[in-house]
Amino acid sequence: EPLFRSAKTNDPNRLKNRGGQLLKEGKERNLLKKELPKIEKELRDLLTQWQATHQKYFLVDDVPYLDVLDSDWAEFKSSKEQEKITRKNRAAQIVEEMTFGSKPTTPVKRKGAATPASAMSSAKRAKMLSNTPGSTTRYVHSSLKSPRVTRSATRAALSTAKTPKKGNAG
């Protein structure tokens with residue numbers, strides 16, 4: 001029962017309910033805190049009486065039930081302690097990040113995110129390069145067997161064609 005209640009209280013959707021659900025949960029929690037120790041004490045007393053009259057342990061799955069109760073409570077308390085430690089560590093980390101800034105994370109390289117140039121088709125490569133502003137580069141598919149014009153060759157050809165001769169000015 002306490003484990004179920006603990007899981008239910010961690011559900012963030014319960015805060016969206018406006019039908020008095022939080023009030024009901026609070027009442028149930030208070031009743032449980034009040035009644036559970038009484039019920040457990042009564043159960044332990046009945047089990048010890050039964051064991052005294054029958055001269056053997058009360059077993060559940062071949063384990064004495066009193067041991068099961070003790071181990072369940074120990075497990076529950078240790079999980080609560082672990083939650084407290086986790087919250088405390090997280091709070092300390094938040095304070096540290098607020099004072100010193102957050103720790104930079106290195107980006108993780110995703111598999112298959114970047115297409116290698118060898119796997120890219122020449123038509124796709126030409127389309128990508130032709131979309132760049134001011135680009136005069138032209139790629140021709142390799143099956144046409146024509147030479148590939150490069151940017152540097154295009155720039156060199158344009159610069160020699162546009163340079164005016166200095167000695168013949170007017």
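Among contacts in the protein chain (heavy atoms within 4.5 Å) between residues at least 6 apart in sequence, 25% join residues at least 24 apart. The model is a predicted one, so local features are taken at pLDDT of at least 70 and side-chain atom pairs at pLDDT 80 or more, while totals for chains, interfaces and linings use all residues. Residues are numbered from 1 along each chain as its sequence is written, and side-chain values use heavy atoms, with hydrogens and water left out.The secondary structure comes to 5 helices and 2 strands, where helices (H or I, at least four residues) and strands (E, at least two) are DSSP runs numbered from the N terminus. Read from that end, the elements run α-α-β-β-α-α-α. Of the 170 residues in the protein chain, 9% are buried, meaning under 20% relative accessible area with a 1.4 Å probe on protein chains only; over 50% is exposed, and anything in between is partly exposed.

Helix α2 covers residues 21-54. Its 34 residues should span 50 Å at 1.5 Å a residue, and the end C-alpha atoms sit 46 Å apart, which agrees; the expected span is 1.5 Å times one less than the number of residues. The helix has a kink of about 35° at E35, shortly before the proline P37, the bend being the angle between axes fitted to the seven residues ending there and the seven starting there. Buried positions in α2 are E25, G26, E40, L47 and Q51. Just past the helix, Q55 takes a positive phi of about 60°.

Helix α3 (residues 65-100) gets the same check: its 36 residues should span 52 Å, and the end C-alpha atoms are 52 Å apart, which agrees. L66, L69 and F76 are buried here. G101 follows α3 and has a positive phi, near 90°.

How do α2 and α3 pack, and at what angle? Their axes lie 10 Å apart at an angle of about 155°, with axes fitted to C-alpha atoms over the stretch in contact and angles running from 0 to 180 degrees between N-to-C directions. The two helices are therefore roughly antiparallel to each other (over 145 degrees; under 35 counts as roughly parallel, 65 to 115 as roughly perpendicular and the rest as oblique). On the α2 side the contact is made by L36, E40, L43, R44, L47, T48 and Q51, and on the α3 side by Y65, L66, L69, D70 and W73. E40, L47 and Q51 are among the buried residues of α2, as L66 and L69 are of α3.

A search of the whole structure turns up 3 aromatic pairs. Rings of Phe, Tyr and Trp (its six-membered ring) pair if their centres lie within 6.5 Å; planes under 30 degrees apart count as stacked, over 60 as edge-to-face and the rest as tilted. W50 and F58 have ring centres 5.3 Å apart and planes at 85°, so this pair is edge-to-face. W73 is partly exposed at 23%, whereas F76 is buried at 16%.

W50, F58 and Y65 form one aromatic cluster. F58 itself lies in the loop between α2 and β1 (59-60). Leaving aside residues up to four places away in sequence, F58 touches L47, W50, Q51, V63, P64 and Y65. The C-alpha atoms of F58 and T48, 10 residues apart along the chain, are separated by 8.8 Å.
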